[in-house]
Every structure is written in C-alpha cells, then in structure tokens.
Amino acid sequence: MIIRYLIVFMVGFAFSVLISPFVINVCKGLKAKQTILHYVKEHETKNGTPTMGGIIFIISCLVVSVAFLWADYLLSIITLSVMFAYALLGFLDDFLKIHFKQNLGLRAYQKIIGQVGIAVVIALFAYNSNLIGSQIYIPFTKTTIDLGWEIIPFIIFVYLAVVNSVNLIDGLDGLASGVSFVYIVTFACIILLYQTEFAGQVLVEMRNIQQICFCMAGCLLAYFLFNCFPAKIFMGDTGSLALGGLITTLAVVTRLELYIPIIGFMYVLTALSDIIQVLHYKRTKKRIFLMAPLHHHFQMKGVNENRIVTIYIITTMIICLLTITLILYFGG
C-alpha cells in the first residue's frame, strides 16, 4: 500500500512539473495576469505575474487520481467533483479580475452564494449516505459523536470557514501551497491511523481518499517549485478555492472534520486575524494589525517574505507531528 501511495505521489509530482511551463506560458499568452492591490507596497514588483496557476495542481490531481482509483470510488468522485466545482467558482472570480484589469472579481455575496450552494449539496449527500452519515470523530480518539440532522449546517459552516481561510492565506509566494502540502500529507497519515475503524467498501473508499491526498501532495510540491519566491505564477482564486474545497471534503468523507482547526492552525490564525481586524476597526476605527491577514502584518513590520513563509510551514509541521503523536498515544 505504501509503495502505491509513493507511486501516486511521484506521478502527481512529475505530471505537475511537466504541465507547469505550458500552463504558465498559456496564462502569459492570454494575459491572465494578477493586478496587485496598490496599498501593498512590497508586492509592487509582482504586478503582472500570471495567475490561475491552480489549474496546474487541479488538472494534475484529477488526471492522476482517476487513473489510480480502485473499484469502490464513489467518495473519491464526490471529493474530486467538489474540488472542481469550487475551482470553477474561483475561475469565474479570476476571469472577472483579469477581464476588468482590477483586483475585484465576484462580489462577496456572490462568492458566498456559490460556496453555500456547493456545500449544501455535499452536506445533504453526507447526511443521507451510509458511507458517511451524521457521526464525526472526536480528535485523538476513535470515539464518535452523532450530530443527527445538525451535521448539515455543521458541514456548511466548515466549508465556508475552510474555503475562505485557505483563500486568505494565499497572500505570499509559496505560503498557501507550502502550508497545504504539509497539511494534506499529515491528513493522509491521520486517515491511515484510523484505518482499523473501516471495513469492506468503506475501507476501499478510504484507500482511494488516501491516494487523492498523496496525489495532491505531489502536485502541490511540484507547483511550489514555480510558486515559491519569486513566484512565476499565482494560484489565484481558481486554486485557493479548489484547495479549500478539497481539504474540507477530505475531512467530511472521512468524518475527521474536527482535525481541520488543529493541523490547519495557520488557516485558523489567518482567518481570525482578518475577522478581529475588521470587527475592531468597525467598533473603534482603529487597527490592531498594521495590515490583515497576519502574514501581511509581519511583512509590514519588515519581516522578509521567505522568512514568514518558512515560519508558517515549520509551525504547521510541528503542530502536525504533535497531533500524530497524540493520536498514537491516546487513540492508537
């Protein structure tokens, strides 16, 4: 099994490396370039960098994952379909930004409507599916709690929280791709630690889900080579929304949603910094951070972009290693 996962990882990596130059050149040719916000002085040199680079790891993950699927793959098809649906929503947002040559695409309410619409479909599917149901695992244990019909609003909330958090963390070269790479590899390991809880069709389904994790990890690592500072291409909302949709769906189909805020702590921190900034400013007309989300605050303080990205990735790695250790200690 491990050998197969490594093969999927390497094929995903190789496929992404091969198509990356082609996608970058096509985006340049179509003038699909990012318009940088004028008040981010440190990013002025990035104006005109090709965007929609998420196409690289989206296409690679779809093609390679489907090629390696085992017989029972309903949950895998659902997972990949949700990722693609969020990618289309992000693509529409990117297209509007490029077409009108500004940094505003879809209106906030339009994005939310699209995100909720997709989330409602998967939430209803999960609740009515005998492969998922209304139970979720309590972190660090093999114990579940049954939310009943409340699993539906819970899943919708998780999608909104995660998709927008991943979108927010995509603000520095290699930040979203680097943190997400560590997150997804760790999540694949967590599924493996819970494998004794699965049997029959569900076991095969979970093996397919693990393959998707390792495949996307390989694709993201390859993309990181082109996205690290100085980025040759940005993932855009096409990539960040797709990545958020994938991360959430992986948790929903495995019933491991409560691990998201733990190993995805940097997503949570990023979103919270933005929420706190907005709420505090509305109340006092003063800012807590020089700029939100938090990574921009550090940047405004003079911290080097590469240093910020490295700290975020290393912090995620430490939290992930600690999480796996606690699972082995309490639930293994």
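A crossing of two helices is right-handed if the near helix is turned clockwise from the far one by less than a right angle. In this predicted model, the crossing of α3 and α8 is of the right-handed kind. The two helices pack with their axes 7 Å apart and at an angle of about 155 degrees. Because angles over 145 degrees count as roughly antiparallel, α3 is roughly antiparallel to α8. On the α3 side, the contact is made by Leu 75, Thr 79, Val 82, Met 83, Tyr 86, Ala 87, Leu 89, Gly 90, Phe 91, Asp 93, Asp 94 and Lys 97. Helix α8 contributes Gly 236, Asp 237, Thr 238, Leu 241, Ala 242, Gly 245, Leu 246, Thr 249, Leu 250 and Val 253. By class, the residues of this contact comprise 12 nonpolar, six polar and four charged.

Within α7 lies Leu 203. This residue has a relative accessibility of 18% and therefore counts as buried, the cut-off being under 20%. Apart from neighbours within four places in sequence, Leu 203 is in contact with Gln 195 and Phe 198. The C-alpha atom of Leu 203 is separated by 9.1 Å from that of Asp 72, although the two residues are 131 residues apart along the chain.

Methods: Residues are numbered from 1 along each chain as its sequence is written. This is a predicted model: local features need pLDDT of at least 70, side-chain atom pairs count only at pLDDT 80 or more; totals for chains, interfaces and linings use all residues. Side-chain values use heavy atoms; hydrogens and water are left out. Axes are lines fitted to C-alpha atoms, for helices over the stretch in contact, and angles run from 0 to 180 degrees between N-to-C directions. Helices (H or I, at least four residues) and strands (E, at least two) are DSSP runs, numbered from the N terminus. Angles under 35 degrees count as roughly parallel, over 145 as roughly antiparallel, 65 to 115 as roughly perpendicular and the rest as oblique. Contact means heavy atoms within 4.5 Å. Ala, Val, Leu, Ile, Met, Phe, Trp, Tyr, Cys and Pro count as nonpolar, Asp, Glu, Lys and Arg as charged, and the others, Gly among them, as polar. Buried means under 20% relative accessible area, exposed over 50%, partly exposed in between (1.4 Å probe, protein chains only).
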